[in-house]
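Keep the sequence and the 3D view at hand while reading.

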Amino acid sequence: MTEKIDEEYAWRLAAELVRIESTDPGVYEGEIEQHIKSLVEQRVSGLPQWLSDAVRISELEALPGRRDLMVRLAGTGDEPALVYSCHMDTVTIGDGWSEETPALGARVVGDKLYGRGACDMKSGLACALTAFFSLLDEVAGRGELPRRGFALLLSVDEEDFMRGVEAAIREGWVGAEEWVVDTEPTDGQIQVAHKGRTWFEVTMTGQTAHASQPWKGADAVAAMAEVVCELRRWCEALPKHKELGRSTVTFGQIEGGYRPYVVPDSCKLWIDMRLVPPASTASARAAVEAAIAAAEKRVPGNHGNYEVTGDRPPIERDPTSPLLAALRAAADAEGTPAEVGFFTGYTDTAVIAGTCGNHNCMSYGPGSLALAHKPNEYVPRADVLRVQRVLTRLAKDTCL
């Protein structure tokens with residue numbers, strides 16, 4: 001017998017999901033994907049035959065041994081489907097968890113659920129599943145299929161290279177027309193815009209020498225320092241976007257040299273740029289090329305090259321989005337009006353928006369991004385209950 005959907009169903013389900021490790025890198029999503037699939041199958045098995053026949057469950061091996069999961073409820077009309085997009089993976093557990101709130105313990109302390117993935121994004125996943133189950137119950141009670149179709153898109157690899165949602169796009173599971181909401185933690189906001197994310201790997205190659213005679217070598221680390229300074233100045237001079245703020249650049253990892261007494265002949269740098277219009281990957285590429293040229297001139301004997309390892313375009317708000325209007329109306333109807341903002345990171349829905357040109361992609365979920373990826377991650381109970389109500393209302397108001 002399936003569990004009754006009540007106002008705290010998502011809260012209980014979130015704790016259940018937190019207890020299942022799905023770290024990336026780590027154990028990955030296999031166990032949680034099968035658990036969710038089983039929950040859906042159990043729920044669907046209790047439906048009338050005409051309704052269970054309208055639900056399709058699909059799996060896609062996006063990466064070896066790692067499967068996306070798609071659950072679709074057919075609609076009778078030709079409106080684009082409403083899609084709730086959630087990722088099943090979390091970042092690694094990491095250090096620093098307190099004994100009172102272990103990473104996989106799903107402990108509740110003071111109306112806060114603690115654990116890895118509590119806010120990013122197992123509570124959001126629980127809310128999306130709950131909204132779908134509530135919609136199925138409503139459809140069964142009405143005795144007819146919804147006008148608009150509904151789908152759950154559950155992806156792998158979001159915390160790494162987002163290859164799960166890319167595979168879903170290639171498979172045709174989602175494209176330009178669907179209304180897509182992901183349930184990332186948004187601090188109570190509807191977040192509709194994203195900075196772009198461009199990654200570079202830069203290599204400077206020089207020549208070794210004894211540190212007591214540096215003029216006989218070419219210091220690759222010194223040359224890379226020039227690259228860093230050039231790119232910082234370039235980024236600081238970029239114009240500010242009215243909603244997305246300023247572009248940023250982070251030099252997240254650097255490797256070079258052998259020993260302190262040897263002039264290094266090689267240095268490698270990994271760069272993360274979060275770009276806002278009018279900056280783009282093309283303009284960033286030109287800036288990297290100019291920085292390498294300047295470094296080669298200032299530290300003679302060095303040669304630089306680079307590779308673009310990530311290219312995600314910025315996503316700007318579309319104020320005419322019907323999904324945005326519907327989601328705001330659902331939040332208003334539940335007595336929890338939501339401000340419209342932007343997401344500082346990059347999400348699966350941003351990949352859909354940028355790849356497919358979809359203007360109806362946005363984020364709305366429980367918790368705060370400021371708590372994600374940290375020890376003692378938590379989500380407040382009130383947030384989960386709010387998002388369960390809003391997503392349930394959005395599904396019913398737009399699909400029925």
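## A helix across a sheet

Helix H6 (residues 220–236) lies across E9, E10 and strand E11 (266–275). The helix runs at about 10° to E11. The model is a predicted one.

The strands belong to an open sheet of four, in the order E10-E11-E9-E12, and their pairing is antiparallel. Strand E10 (248–256) and strand E12 (303–312) stand at the edges; each has a single partner strand, so one side of each is left without a neighbour in the sheet. From one strand to the next, the twist averages 15°.

Within this sheet, strand E9 (residues 196–205) is joined to E12 by nine bridges, and the two run antiparallel. Phe200 stands opposite Val308 in E12.

## A hairpin

Strand E1 (residues 55–63) and strand E2 (residues 66–73) also run antiparallel, joined by eight bridges. Ile57 stands opposite Val71 in E2.

E1 and E2 form a hairpin with two residues between them. In the turn, Gly65 has a positive phi of about 75°.

## Two packed helices

Helix H8 (residues 322–333) packs against helix H10 (residues 381–399) at an angle of about 125°, and their axes are 9 Å apart. H8 and H10 are therefore oblique to each other. Their crossing is right-handed.

On the H8 side, the contact involves Leu323, Ala326, Leu327, Ala330, Ala331 and Ala333. These meet Val390, Arg393, Leu394 and Thr398 in H10. The residues of this contact divide into eight nonpolar, one polar and one charged.

Note on methods. Residues are numbered from 1 along each chain as its sequence is written. This is a predicted model: local features need pLDDT of at least 70, side-chain atom pairs count only at pLDDT 80 or more; totals for chains, interfaces and linings use all residues. Side-chain values use heavy atoms; hydrogens and water are left out. Two strands pair if DSSP finds at least two bridges between them. Axes are lines fitted to C-alpha atoms, for helices over the stretch in contact, and angles run from 0 to 180 degrees between N-to-C directions. Angles under 35 degrees count as roughly parallel, over 145 as roughly antiparallel, 65 to 115 as roughly perpendicular and the rest as oblique. A crossing is left-handed if the near helix is turned anticlockwise from the far one by less than a right angle, and right-handed if clockwise. Contact means heavy atoms within 4.5 Å. Ala, Val, Leu, Ile, Met, Phe, Trp, Tyr, Cys and Pro count as nonpolar, Asp, Glu, Lys and Arg as charged, and the others, Gly among them, as polar.
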